[in-house]
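Take a moment with the sequence and the fold, and then we can go through them together.

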Amino acid sequence: MSTRWTIHGEKLVDGNRHIRLSTVDVTLPDGVSFTQYVVAMPPAAMTLVVNDQHEVLLMRRHRFIIDRWVWELPGGYVDGAEDIEAAAAREVEEETGWRPRSMEHMVTFQPAIGSVDQPQIIYLARGADLTDTPPDINEAQEIRWWPLEEAVKMIDRGEIVGASTVVAVYRALTLV
């Protein structure tokens, strides 16, 4: 017996270049039918930058949706046909003023796959060079290098809550 849902139709509710909200009429394998809200967003590319001292580069910023100050990886939306790795590296420099020396794919995941389609593509950069690029004032209140072990404790204390940063920090434990 298949557990695949049957899709009967989709209706756009609203959308722009960063988000598409629709409703989808579905029927479950047991015959129950309902309308599901679905959010589609462009992929997001982030980078966990680690230096020779096993410190990770994080940004402290206010997230108005949860009204909290949190620490996060630099990253953002991938613009159209932009190369994802290049976008991840670009975001690091724009948001922090640091230019990654190397980029390697770390992990790709979907943070809320039951209702949201937005791939999170995370890269690992080993080393970075400080540039003359001033960090984007709209992105971060503070930019700081943290020991990887301390970043894990920051997750435990609720100072890091974003799924991409949590996943990247835990994944880095096995890679650096």
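Which residues line the second largest pocket? They are W5, I7, V24, V26, Q36, V38, I113, G114, S115, V116 and D117. Please keep in mind as you read on that this is a predicted model.

**Overall picture**
- The protein contains three helices and 13 strands.
- Along the principal axes, its C-alpha atoms fill a box of roughly 55 × 30 × 30 Å.
- Of the 176 residues in the protein, 40% are buried.
- The accessible surface comes to about 10,000 Å², and carbon and sulfur atoms account for 53% of that area.
- If you take the contacts between residues at least 6 apart in sequence, 57% of them join residues at least 24 apart.

**The second largest pocket**
- This pocket holds about 250 Å³ of space.
- Two or more lining residues come from each of β2 (20-27), β3 (33-40) and β10 (116-117).
- Sorted by class, the lining has seven nonpolar, three polar and one charged residues.

**The largest pocket**
- Here the space amounts to about 930 Å³.
- A total of 30 residues line the largest pocket, and R63, E72, Q118, Q120 and G162 lie nearest its centre.
- The elements that give two or more residues to this lining are β4, β5, β6 (68-72), β7 (75-77), α1 (84-96) and α3.
- Strand β5 provides the largest share of the lining, with four residues.
- By class, the lining of the largest pocket divides into 16 nonpolar, eight polar and six charged residues.

- As background, nonpolar side chains in soluble globular proteins tend to be buried together.
- In this model the largest nonpolar core has 24 residues, and L48, V56, L58, M106, I122 and I160 have the most contacts inside it.
- At least two residues of this core come from each of β4 (44-50), β5 (55-63), β9 (104-109), β11 (120-126), α2 (148-156) and α3 (163-172).
- Helix α2 makes the largest contribution to this core, with five residues.
- There is also a second, separate core of 14 residues, with V49, V78, W98 and W145 among them.

**Two backbone angles to look at**
- For context, most residues other than glycine have a negative phi.
- H54 is not a glycine, yet it has a positive phi of about 60°.
- You will find H54 in the loop between β4 and β5.
- With a relative accessibility of 36%, H54 counts as partly exposed.
- D67 is another residue other than glycine with a positive phi, in this case near 50°.
- Look for D67 in the loop between β5 and β6.
- Is D67 buried or exposed? D67 is exposed, because its relative accessible area is 58% and exposed means over 50%.

**Where to look in the viewer**
- To see the middle of the largest pocket, display R63, E72, Q118, Q120 and G162.
- For the second, separate core, you could begin with W98 and W145, which are among its residues.

Technical notes. Residues are numbered from 1 along each chain as its sequence is written. This is a predicted model: local features need pLDDT of at least 70, side-chain atom pairs count only at pLDDT 80 or more; totals for chains, interfaces and linings use all residues. Side-chain values use heavy atoms; hydrogens and water are left out. A nonpolar core is a set of buried Ala, Val, Leu, Ile, Met, Phe, Trp, Tyr and Cys residues joined through side-chain atoms within 4.5 Å. Buried means under 20% relative accessible area, exposed over 50%, partly exposed in between (1.4 Å probe, protein chains only). On a 1 Å grid over the protein atoms alone, a cavity is a set of points where a 1.4 Å probe fits but cannot get out, and a pocket is an open set with protein on both sides within 12 Å along at least five of seven lines; lining residues have an atom within 4 Å of a point. Grid points are joined across faces, edges and corners, and a volume is the space filled by probe spheres set on the points. Ala, Val, Leu, Ile, Met, Phe, Trp, Tyr, Cys and Pro count as nonpolar, Asp, Glu, Lys and Arg as charged, and the others, Gly among them, as polar. Contact means heavy atoms within 4.5 Å. Accessible areas come from the Shrake-Rupley method with a 1.4 Å probe; for residues, only the protein chains shown count as cover.
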